[in-house]
Amino acid sequence: IGDIRSVAHDSEMQTEALYRCNFGWFARGGHPLHGRAHVTMEALKAHPLILPGYGHEAMFDQMASLYELSPPLQDHFPIITNDARTIFTLLKSTDAIVLGTDIGVISAMRAGKLVQLDVNPSPSVHLTLGIIERVGRTRVPAVQRAFEIARAHFASMARTVDRDMPRAKVS
């Protein structure tokens, strides 16, 4: 399971899209920018920015262009990590802001631990998670079952995000 864009040009690989992640800017409840309308990149940059370490270079380039940031995008984030525990600890205990995916933060948002900021422009990039495998590979029953579980999980997550993902609230 991974970002299907990562193998888009590899003729030896095939993909099955399972979930299209939407990005947003997230912070702890009570963050100074929560409730503000049309937060700018300049306002975001006044706080520590966290970038999860995953992502395709094209996605990073698109994001840098959207926010008029000089490439590489990573240079504008003092914290880059794939460790979810570290991200959530920093968000909870500081005024840090994360550029994250809906699926990555939905549980924390439902629990009231994170809020989505109303950033203008909103991130218009997407990440499609899916099954990635070699073309022509025979699937043993255990792999087939694992893929069925993955399909069911991402279908369930899509319903949860559609139902429960609060949108940025502004005053």
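**Entry 1: the largest cavity**

I began with the lining of the largest cavity in this predicted model. I found Phe23, Leu51, Pro52, Tyr54, Met59, Phe60, Met63, Leu73, Leu99 and Val125 around it. I sorted these by class and got 10 nonpolar, no polar and no charged residues. Helix H2 (57-66) and strand S3 (49-52) each supply at least two lining residues, and H2 gives the most, with 3. The space inside comes to about 70 Å³. When I searched the whole structure for cavities of 30 Å³ or more, I got 1.

**Entry 2: salt bridges**

Next I looked up salt bridges and found 8 in the whole structure. I followed arginine 110 to aspartate 164, where the closest N and O atoms are 3.0 Å apart. Arginine 110 sits in helix H4 (residues 102-110) and aspartate 164 in helix H5 (residues 141-164), so this pair ties together parts that are 54 residues apart in sequence. Aspartate 164 also meets arginine 163 in a salt bridge, at 2.9 Å from N to O.

Arginine 110 is exposed at 51%, arginine 163 is exposed at 56%, and aspartate 164 is partly exposed at 21%.

Within H5 I also saw glutamate 148 paired with arginine 145. Their closest N and O atoms are 3.4 Å apart, and about one helical turn separates the two residues.

**Entry 3: methionine 13**

Last, I visited methionine 13, in strand S2 (residues 13-28). Leaving out residues up to four places away in sequence, I listed its contacts as Val7, Ile132, Glu133, Arg134 and Val135. Its C-alpha atom is 8.9 Å from that of glycine 136, which is 123 residues away along the chain.

Terms used. Residues are numbered from 1 along each chain as its sequence is written. This is a predicted model: local features need pLDDT of at least 70, side-chain atom pairs count only at pLDDT 80 or more; totals for chains, interfaces and linings use all residues. Side-chain values use heavy atoms; hydrogens and water are left out. Helices (H or I, at least four residues) and strands (E, at least two) are DSSP runs, numbered from the N terminus. Contact means heavy atoms within 4.5 Å. On a 1 Å grid over the protein atoms alone, a cavity is a set of points where a 1.4 Å probe fits but cannot get out, and a pocket is an open set with protein on both sides within 12 Å along at least five of seven lines; lining residues have an atom within 4 Å of a point. Grid points are joined across faces, edges and corners, and a volume is the space filled by probe spheres set on the points. Ala, Val, Leu, Ile, Met, Phe, Trp, Tyr, Cys and Pro count as nonpolar, Asp, Glu, Lys and Arg as charged, and the others, Gly among them, as polar. A salt bridge is a side-chain nitrogen of Lys or Arg within 4 Å of a carboxyl oxygen of Asp or Glu. Buried means under 20% relative accessible area, exposed over 50%, partly exposed in between (1.4 Å probe, protein chains only).
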